[in-house]
Amino acid sequence: MSETFELVGIRQAPEETALHRAKWWKGRPVLAAAALLFLLIGCFGCELFLDKDPGYCDLGNCNVPPGKEFLFGTDPMGRDIFSMVWAGGRVSLAVGFTAAFVSGVIAFVFGAVSGCAPSWVDGLLMRLAEILLSVPGLLAVLLVQGLFGGADWLRISIAVGLTSWMGIAKMVRTQVRQLRDSEYVVASKCMGGGFFHILRNHLAPHFVPSVLFMAVMNIRNAIMMESTLSFMGIGLSVEAVSWGNMLSVADKALLTKSWWIIVAPGMFLAVTLLCVTRLGDCLRTGGDIHS
């Protein structure tokens, strides 16, 4: 008996290593969010720290390189580029967020109506969306902008919003068609719930996270569109200050070797677009992004 078995008593279990709780910022675009927040606060609160008028033309200091008095230098009209970058960011960011809001509202309503409508109405609305989606974005913005007969930041925002909702609408329509026959939706209809009540309380909470990525990308696309229009000389007026307007003199800056005229607004625009893209990618993957 003693040769076969050995009484060893109670073995002490090995100490389990404590699982380290994942840090809350792991996989989240904290740096991108902080940089974008810094740009937003700086652009919309620039009056608190700017000591020069961004629109003042100091003809005695034209094309001055960066230095102590002019941190980012001056443009050919003697305007302080440091002040112009912060003040112009308000216009570019306002265009981006306003256009994204306009396109999001249209897409939600259009997509929900198409998803809840009969098959023939749904097909008609989707064919309309596909036709509009096939038109080049820049051409569509120019057509809508021509109908408005002007080019201020609000009109450009509305023009971009009216021409960039089709992709989100198709996504909303797909989600609504998957949810419209759910028991809670049918029960809400039987209890007298209207279209907007059902959309707000029963449909939107399910598909908002999936389309939020496209809405954030629309902010980026609208900022790029405003910059493109201003760069081509068909956007904001010359008196208006925006990142796109500042980049519109890139050819003159290169010819005169005044590189600082386009570097500052180009860097601010690039950082903003990268931050928005990073946030959009995080929303698309549910935060599972490794920095």
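Predicted model: local features only at pLDDT ≥ 70, side-chain atom pairs only at ≥ 80, totals over all residues.
Glu-226 is found in helix 8, which covers residues 195–231. When residues up to four places away in sequence are not counted, Glu-226 touches Ser-92, Val-95, Leu-236, Ser-242 and Gly-244, a contact being heavy atoms within 4.5 Å.

Residues are numbered from 1 along each chain as its sequence is written, and side-chain values use heavy atoms, with hydrogens and water left out. Local features need pLDDT of at least 70 and side-chain atom pairs count only at pLDDT 80 or more, whereas totals for chains, interfaces and linings use all residues.

The secondary structure of the chain comprises 11 helices and 0 strands, assigned as DSSP runs numbered from the N terminus (H or I, at least four residues, for helices; E, at least two, for strands). Of its 291 residues, 41% count as buried. Among contacts between residues at least 6 apart in sequence, 66% join residues at least 24 apart. The chain exposes about 17,100 Å², of which carbon and sulfur atoms supply 67%, as computed by the Shrake-Rupley method with a 1.4 Å probe.

Across the whole structure, 7 salt bridges are found. One of the salt bridges joins Asp-75 to Arg-79, with the closest N and O atoms 2.8 Å apart; Asp-75 is buried, at a relative accessible area of 5%, and Arg-79 also counts as buried, at 10% relative accessibility.

Asp-122, which is buried with a relative accessible area of 4%, takes part in salt bridges with two arginines, Arg-173 and Arg-177. The side chains of Asp-122 and Arg-173 meet at 2.6 Å, N to O; Asp-122 lies in helix 3 (residues 119–134) and Arg-173 in helix 6 (residues 166–179), so the pair ties together parts that are 51 residues apart in sequence. Arg-173 counts as partly exposed, at 22% relative accessibility. In the salt bridge between Asp-122 and Arg-177 the closest N and O atoms are 3.2 Å apart, and this pair likewise links distant parts of the chain, from helix 3 to helix 6, 55 residues apart. Arg-177 is partly exposed, at 27% relative accessibility, and salt bridges that share partners join Asp-122, Arg-173 and Arg-177 into one network.

The second largest pocket has a volume of about 330 Å³. On a 1 Å grid over the protein atoms alone, a pocket is an open set of points where a 1.4 Å probe fits, with protein on both sides within 12 Å along at least five of seven lines, and lining residues have an atom within 4 Å of a point. The second largest pocket is lined by 18 residues, of which Thr-163, Ser-164, Met-217, Asn-218 and Asn-221 lie nearest its centre. Helix 4 (137–148), helix 6 and helix 8 each supply at least two residues of this lining, and helix 8 contributes the largest share, 8 residues.

Notes. Buried < 20%, exposed > 50% of the residue type's maximum accessible area, 1.4 Å probe, protein only. Salt bridge = Lys/Arg side-chain N within 4 Å of Asp/Glu carboxyl O. Points joined across faces, edges and corners; volume = space filled by probe spheres on them.
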